[in-house]
Amino acid sequence: MYLVLNMVGRKFRLPGEIYSVDAITMGNINSTYKVTYMQSDNSLKSYLFQRINTHVFKNPVEIMENIDRVTTFLRSKYPNQVTLHFHHTDEGLNYYLCEDHTFWRVVNYIDSVTFNSSDDAGVIEATGKAFGRFQTQLSDFDGSVLYETIPDFHNTKKRLDTLFSHVAEDPCGRVAEVQKEIDYIASVRQKAAELSVQFDSGEIPKRVTHNDTKCNNVLFDRVTKEPIVVIDLDTIMPGMSMYDFADAVRFVANTAVEDEPDTSKVFFDTEKFRAFARGFIGETYEALEPIEISSLVRATFSITIELAARFLDDYITGDHYFRLAYPKHNLVRARCQLKLAEDIERKWDELEWIVSDVINNKQ
């Protein structure tokens, strides 16, 4: 691996000689290495080398072009702020396709800490702040120049239409087993799809969205725990701002893991919702339109139903998309998300009040 990394480093014109290599095990899609160089003045500088999994990401060039446009924009707009810096080859590309068809990129290493999850209200609020700031800083970026690298990724209506099409086909004979889950999704189908319909009609503005707003996609200062920068821009593309909020808070406010088999443990924590909303709205209130802020709760419900539908659809069609740890893993995941959605629906008025309270305290 050293020879490959050395060759990639030369391609990206990195100065000095490799001093050390450490494999980064976090993440299960791309292969990542922290590569530290000894520079001519004997100082050390570290980079992250990533080999992109082109079986998962079928269009890596479009992904890297999106990343290049966004990071270039942020660096020019905020020259004194820490931003992601992807290196370029002699050809001016921020990626390198090797002769063996492996696909590489190199980004500066940022000393920091990440959290896979947190019960700390301060960290949760800071996470909301990070993703809200990301939205605001890109609010004047022309999202039309970005590729939609995963078409209809968060088109809830289309996801639900696909699910019910497969329910009618019942290709694996599993529909009878999940009729209760299907009935609930059918009962909220229109409610969950409403934002997608409004987005398609132009009522909701098209923004630059991250689309993978997990807590561990924010780098934090090791001492202050303040957010430094949002990372993992592989899914950046046009979308709805509220869905970035919703996907993050759906994950962070769940009292259980996403595949908890005992759904009696699954609830939506309103105080965690408040903490995240405080951070996100604090950064976006003046940048987003009223319809976006007023749709945060509906978006949280919609994206939870969407993910449940995706898990259930995969189960009904034979478990071909999501990686399984055991049989019926997708069904367990779907039931967990549906329990969460039911709790969000039950607490809807309280969540709307929290959003209003956060806004009032902001004004």
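Helices (H or I, at least four residues) and strands (E, at least two) are DSSP runs, numbered from the N terminus. With those labels in hand, let us walk through the structure together. This is a predicted model, in which local features need pLDDT of at least 70 and side-chain atom pairs count only at pLDDT 80 or more, while totals for chains, interfaces and linings use all residues. Residues are numbered from 1 along each chain as its sequence is written, and side-chain values use heavy atoms, with hydrogens and water left out.

D212 lies in the loop between β6 and β7 (218-220). Is D212 buried or exposed? With a relative accessible area of 18%, D212 is buried, where buried means under 20% relative accessible area, exposed means over 50%, and partly exposed is in between (1.4 Å probe, protein chains only). Leaving aside residues up to four places away in sequence, D212 touches N217, D232 and T235; contact here means heavy atoms within 4.5 Å.

One of those partners, D232, is worth a visit too. D232 sits in the loop between β8 (227-230) and β9. Although D232 is not a glycine, D232 has a positive phi of about 55°. At 28% relative accessibility, D232 counts as partly exposed.

D152 is not a glycine, yet D152 has a positive phi of about 60°. You will find D152 in the loop between α3 and α4, and at 26% relative accessibility D152 counts as partly exposed.

D152 also leads us to a pocket. Together with E148, F199, P238 and G239, D152 lies nearest the centre of the second largest pocket, which is lined by 18 residues. The elements that give two or more residues to this lining are α6 (189-201) and β9 (237-239). On a 1 Å grid over the protein atoms alone, a pocket is an open set of points where a 1.4 Å probe fits, with protein on both sides within 12 Å along at least five of seven lines, and lining residues have an atom within 4 Å of a point. The second largest pocket has a volume of about 280 Å³; grid points are joined across faces, edges and corners, and a volume is the space filled by probe spheres set on the points. By class, the lining of the second largest pocket has 8 nonpolar, 6 polar and 4 charged residues. In this scheme Ala, Val, Leu, Ile, Met, Phe, Trp, Tyr, Cys and Pro count as nonpolar, Asp, Glu, Lys and Arg as charged, and the others, Gly among them, as polar.

Now for the helices. Helix α4 (residues 156-169) has 14 residues and reaches 20 Å from its first C-alpha to its last, close to the 20 Å expected at 1.5 Å a residue; the expected span of a helix is 1.5 Å times one less than its number of residues. Which residues of α4 are buried? They are T156, L160, L163, F164 and V167. What covers the buried residues of α4 includes α5 (179-187), α6, α7 (241-252) and α10 (296-316). The face of α4 turned away from its buried side carries the exposed residues A168 and E169. Just after α4, D170 takes a positive phi of about 45°.

Helix α2 (residues 60-77) can be read in a similar way. Its 18 residues should span 26 Å at 1.5 Å a residue, and its end C-alpha atoms are 26 Å apart, which agrees. The buried residues of α2 are P60, I63, M64, N66, I67, V70, T71 and L74. They cover an arc of only 155° around the axis, so they are on the same side of α2. Among what covers these buried residues of α2 are β3 (44-52), β5 (103-108), α3 (121-137) and β6 (207-209).

Y184 lies in helix α5 and counts as buried at 15% relative accessibility. Not counting residues up to four places away in sequence, Y184 touches F301, I305, L338, A341, E342 and E345. R274 has its place in helix α8 (residues 270-284) and is buried, with a relative accessible area of 15%. The C-alpha atoms of R274 and I354 are separated by 6.3 Å, with the two residues 80 apart along the chain.

Definitions and conventions. Arc of directions from axis to C-beta.
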